[in-house]
Amino acid sequence: MMESYIQAGKIVSDIRSEASKMIKDGALVIDLVEYVESEILKRGAEIAFPCNVSINEIAAHYTSPANDKTQFKAGDMVKLDLGAMVDGYIADSAVTVLAEGNMDENYTQDEINLHEEIIEASAAGLEAAIATVRAGAELSKIGAAVHEAIGEYNLNPIFNLTGHSLEQNNLHAGISIPNYDNHDNYKLDEGQAIAIEPFATNGEGIVNDAPGHYIFAYLANKPFRMKSTQKVLKYIQTNNPYVPFSGRWITDEFGERRGNIALKQLSEAMAIYPYAPLREKKDCFVSQKEHTVVVEKEGCTVTTI
Ligand code: CO
């Protein structure tokens, strides 16, 4: 089990650093997500969730739909969040970078400096969190460490986003790792795997649903009259029964029209769950940094370092 966590972590870490170099003015978001997803498969792992690429005020849960024309602009605050599975054991990691290019065409130097601090703050939050992790550590203490570290930059964490426990084939295994002291006195166990993911913002620190659905998860079997919708559901049950999948994978397989109709019908019937992109309430900038760790008696092993 530990071997698989380590192997998945190494794959995610390697791809994360290669992929980060693709975040440049004029580059297409879809090229980045397709690179990440194909590399995971090439290295013999499975995709734990669609590669998320969330820009500026979008905190999470955006991935390219088919034919996405979205390009990076110099200075965009880009969160790259990826996950791989080996034997169902998951590595989940995210990093934030400013898109390369002539940033001063889009932002003042003061703005660029602020954006760099926002990125530094989530990294400091993650570092502080990891330093508190050990068997017996209370979740509220981890959250408090994150909040305090980000607060030192006069910034806010995103209060309504959390990290999560991981189990075999289960990306959100029931325990939430807060980014502030939420008074949860649950204590971590030795051997438990968790993804810790502080977000930092110059806004209020609340995210709300934004329009569109790009990422979905299978919920339950339901009967459908339309043949093509039945076929899509069967496909999801076969290929993505446990972890989230991309709408793009469905439209690539079934065509945009049929795929999108099916995704809508399946969502309405609660056969699948549609994730909305999450946007900061004041449309302020958001950074994220995430690692997966396995809890030990006197600390933890970071698998995605
Ligand atoms: Co995560």
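1. Patches are made of residues with over 30% relative accessible area and no salt bridge, like charges being joined within 9 Å and nonpolar side chains (Val, Leu, Ile, Met, Phe, Trp, Tyr) within 5 Å. In this predicted model, local features need pLDDT of at least 70 and side-chain atom pairs count only at pLDDT 80 or more, while totals for chains, interfaces and linings use all residues. Residues are numbered from 1 along each chain as its sequence is written, and side-chain values use heavy atoms, with hydrogens and water left out.

2. Asp31, Glu34, Asp252, Glu253 and Glu256 form a negative surface patch. At least two of its residues come from each of helix H2 (29–42) and helix H6 (247–254); helices are DSSP runs of H or I with at least four residues, numbered from the N terminus. Asp31 belongs to helix H2 and is partly exposed because its relative accessibility is 40% (buried means under 20%, exposed over 50%, partly exposed in between, with a 1.4 Å probe and protein chains only).

3. The whole structure contains twelve salt bridges, each being a side-chain nitrogen of Lys or Arg within 4 Å of a carboxyl oxygen of Asp or Glu. Within helix H2, Lys42 and Glu39 lie three residues apart, about one turn, and their side chains form a salt bridge at 3.1 Å, N to O. Lys42 is exposed at 64% relative accessible area, whereas Glu39 is buried at 15%.

4. In a further salt bridge, the closest N and O atoms of Glu268 and Lys264 are 3.4 Å apart. About one helical turn separates Glu268 and Lys264, because they are four residues apart in helix H7 (residues 256–268). Elsewhere, salt bridges with shared partners join Lys10, Asp14 and Arg43 into one network.

Note on methods. Areas by Shrake-Rupley, 256 points an atom, 1.4 Å probe, with all protein chains shown as cover. Lys, Arg positive; Asp, Glu negative; His and termini not counted. Charge placed at Lys NZ, Arg CZ, Asp CG, Glu CD.
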